[in-house]
Amino acid sequence: QISWTSLLVLGYLFYLLLGAMVFQLLEKQAETHFRDQFQLEKLKFLQNYTCLDRQALEQFVQVLMEAWEKGVNPEGNSTNPSNWDFSNSFFFAGTVVTTIGYGNLSPSTLAGQIFCVFYALFGVPLNLAFLNQLGKALNAHLLTLERWVQKPGRAQVQCQFTILAIFLTTGTLLFLVFPPLVFSYVEGWSYGEGFYFTFITLSTIGFGDYVVGTNPNKHYIPVYRSLAAIWIVFGLAWLALVFNVGADLMERYLQLKWHKSDLSLAEGDTTKLEDEPEQPRIHIPS
């Protein structure tokens, strides 16, 4: 029989393969369309500006790519706000210790890169300890709320379900529903884009395709990204608890199903043995 660990590994690999196939199906054709469109735009640009050749255009594109990799937005001009003022640096430090790592900004100096390594080396465990304590504080408040909600004669399971529903509803509103409204208003995104950024950030996936406070055509308040960093920390603690509860429930459910199937197979084998007539025993003399 396949063990529970082997079944979990197979299910995990199957889930990765399923995701790969779905993403390939959804995104590959769009990527081909954008690539062809980009090449067509380059050809049009060369036709409109005959003083340029293809090599010069490719060199300029390479300059744009290097600028973007260094965290410099090609849009706008030299008056764009610095990516390394205190507010933005505070936001970057938060993305390092929380392991979000958007990728749109990174240290470019050797000293900055070395410091980033040691800063993350001590900062990531410190962040985990902080989130652990924050999670314990949330659990303590949940227990207080449970004692307040629980009344004589009310089932304990019903009380726990009520507390879990309150916890999920409140956290969803504070960290997943209302923030996209703010980001949509400030950044000019759609609500769907804001919700996508919210979840990708709080789950520490951090693709970097959407990042707050990076549009050079907008004027942000100085503490905008610092407030976003604080929201990220508390949102991480809440979503980590949600993921832990979900993983625990999923594991218990799958193990329960697995053990039930084992029991049914064992009962079936026992019944089969009982139904079969007893075979005559053969005595072999020593």
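Phe91, Gly94, Thr95, Thr98, Ile100, Ala229, Ile232 and Val233 line the largest cavity. The model is predicted: local features need pLDDT of at least 70, side-chain atom pairs count only at pLDDT 80 or more, and totals for chains, interfaces and linings use all residues. Residues are numbered from 1 along each chain as its sequence is written, and side-chain values use heavy atoms, with hydrogens and water left out.

Rolling a probe the size of a water molecule over the atoms shows where empty space is left. On a 1 Å grid over the protein atoms alone, a cavity is a set of points where a 1.4 Å probe fits but cannot get out. A pocket is an open set with protein on both sides within 12 Å along at least five of seven lines. Lining residues have an atom within 4 Å of a point. Points are joined across faces, edges and corners, and a volume is the space filled by probe spheres set on them.

The largest cavity has a volume of about 40 Å³. Helices α3 and α7 each supply at least two residues of its lining (helices are DSSP runs of H or I, at least four residues, numbered from the N terminus). The lining divides into 5 nonpolar, 3 polar and no charged residues. Here Ala, Val, Leu, Ile, Met, Phe, Trp, Tyr, Cys and Pro count as nonpolar, Asp, Glu, Lys and Arg as charged, and the others, Gly among them, as polar. The second largest cavity holds about 30 Å³. Its lining includes Tyr102, Tyr196 and Asp209.

Now the open spaces. The largest pocket has a volume of about 760 Å³. It is lined by 33 residues, and Asn83, Gly213, Thr214, Asn215 and Pro216 lie nearest its centre. α3 (86-97) and α7 (224-275) are the elements that give two or more residues to this lining. By class, the lining has 12 nonpolar, 15 polar and 6 charged residues.

The second largest pocket has about 570 Å³ of space. Of its 13 lining residues, Tyr12, Tyr15, Leu16, Ile205 and Phe243 lie nearest the centre. α1 gives the most to the lining, with 7 residues. The classes are 11 nonpolar, 2 polar and no charged.

Finally, go back to α3, where Ser87 lies. Ser87 counts as buried because its relative accessibility is 10% (buried means under 20%, with a 1.4 Å probe and protein chains only). Its side chain makes a polar contact with the side chain of Ser226, at 3.4 Å. Such a contact is a pair of N or O atoms within 3.5 Å, one able to donate a hydrogen and the other to accept it.

Technical notes:
Buried means under 20% relative accessible area, exposed over 50%, partly exposed in between (1.4 Å probe, protein chains only).
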